[in-house]
Amino acid sequence: MIELLNLVDHPGVVECSSILKGKEVLASSFPEQYKNHATIAKQSFNYVFATAAKMKSKHDEAHLEIGDKRLSGFLLKGDLILVCLSAKDSNIQQVRKQARQASAKLLKDELEELSKF
Amino acid sequence: MAEYKVLFTGSVCSGKTTAIKSLSDIETVDTDTSVSDSAIRRKRKTTIAMDYGILDLKEDSRLHLYGTPGQERFKFMWELMMSDLVHDAEGLVLLVDNTRADPFKDIQFYIEEFRDFIVRRRLIIAVTHSDEQEFPDHHFYMNRLKEMGLFTTVLFIDARDPSSVLEVIKELLDHKEKGIDWEAMGERLEVNSTMPGAVKQDEVAQTEDISLMDAALNTRGIVGAIHLDDKREVLSSKIENPHNREILKAMVNLVSALEKKAGFLGHIEDLILCGKDQETLSVFVDEEQALGLCSDRELSINVVKQQAADLLQWSKE
């Protein structure tokens, strides 16, 4: 999982990231100084994606701007959520691009696992 | 005959049409129609295609003045103008309305939109409406722009006053076209002045009865909205899709909770939820009110944010 985060973190775009499975943090590159942001992201994105799922909607991307930061949550598959922290004025398209890379990597890994059988 | 071109851009009400009218030696070409955007609370007419005028600099040189439409729904015209009509322009004049809640958001928005265009030519930021709102002042602009990594000229002008707008042109062309009698030109253009006394206020007066909800639902791409007060109580709501309504309510609740519990991290500005083939749901917050929007997925997040900022700001007037 940490390899995935290495793929996502990119100077000037994504400062740090984490992967959540429900309330559990599977991997994180959030430094100590952003632990509050990580907590807020975990609670907020779980809540908002769970609400969307309850309403049978396919919303899978959320952005929360707080202070001078932006927290972005991407529903990868199942209940896996990729969280990215970036500067509020950073390019949101680039953040998306980084997240897509993670999504593609997950899919590739999954296919490789399947091909073993 | 030496021919120069300059492009004026900026948000609705920033003074593009007025600035071009102030400078033009010919009857300007404008293409106004009814506003169909978040600007409706501010004015009823807006430019749809472009503004055009001509300023005679000397006997053998002249300047073509082009103005983009301000509303985002006519953005295709920006592209068209940049790639064709004004691809050889000397510079871009970005008009910034100083009464906006955060003029630097506008600057950032337009810099992004015109990034490729300004890489190769001069950018001048011309701040308007500073007679209504003095701050941010020149010093503040210079400091903030420096922080944004933008090193450019900032002039405070009154778009209604030809000699004031002429300063922008002087800044742009003085080094390039020598021998222009700027003073005489200023006197000649005085007839174009629309300074107080000559300004028709009727358009502004007509707009007072339009509610924020009407304005929101009149905005292109917005299909539903919730307006909340400073306690985050619902003032009015119109969202047809019951699922989206429930999700947006949950988002409003979440933002309210975050404001209480995570306020120490800074102001919660917005929460946006998107998805493939899904309408974009967003909540925007300021001190006095909050706005939930349900918008077409085709609208970019930056455009939705810009529209929400306009709606929230003008609802205070």
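In this predicted model, B:Glu187 sits in helix H7 of chain B, which covers residues 182-189. B:Glu187 is exposed, with a relative accessible area of 58%. A patch of negative charge on the surface is formed by B:Asp181, B:Glu183, B:Glu187 and B:Glu190.

**Chain B as a whole**
- Chain B has eleven helices and 13 strands.
- Of its 317 residues, 56% are buried.
- Among contacts between residues at least 6 apart in sequence, 68% join residues at least 24 apart.

**Salt bridges**
- Side chains of opposite charge can pair when their charged atoms come close.
- Over all chains, the count comes to 25 salt bridges.
- B:Arg62 and B:Glu3 form a salt bridge, with their closest N and O atoms 3.1 Å apart.
- B:Arg62 belongs to strand S5 and B:Glu3 to strand S1, so this pair ties together parts that are 59 residues apart in sequence.
- A salt bridge also joins B:Glu269 and B:Lys105, at 2.8 Å from N to O.
- B:Glu269 is in strand S11 and B:Lys105 in helix H3, 164 residues apart.
- B:Glu269 is buried at 15% relative accessible area, whereas B:Lys105 is partly exposed at 33%.
- B:Glu259 and B:Arg232 meet in a salt bridge at 3.0 Å, N to O.
- B:Glu259 lies in helix H10, and B:Arg232 in the loop between strand S9 and strand S10.
- B:Lys276, B:Asp277, B:Arg297 and B:Glu298 are connected in a network of salt bridges.

Technical notes. Residues are numbered from 1 along each chain as its sequence is written. Chains are lettered from A and ligands numbered from 1 in the order in which they are written. This is a predicted model: local features need pLDDT of at least 70, side-chain atom pairs count only at pLDDT 80 or more; totals for chains, interfaces and linings use all residues. Side-chain values use heavy atoms; hydrogens and water are left out. Patches are made of residues with over 30% relative accessible area and no salt bridge: like charges are joined within 9 Å, nonpolar side chains (Val, Leu, Ile, Met, Phe, Trp, Tyr) within 5 Å. Accessible areas come from the Shrake-Rupley method with a 1.4 Å probe; for residues, only the protein chains shown count as cover. A salt bridge is a side-chain nitrogen of Lys or Arg within 4 Å of a carboxyl oxygen of Asp or Glu. Lys and Arg count as positive and Asp and Glu as negative; His and the chain ends are not counted. The place of a charge is taken as NZ of Lys, CZ of Arg, CG of Asp or CD of Glu. Helices (H or I, at least four residues) and strands (E, at least two) are DSSP runs, numbered from the N terminus. Buried means under 20% relative accessible area, exposed over 50%, partly exposed in between (1.4 Å probe, protein chains only). Contact means heavy atoms within 4.5 Å.
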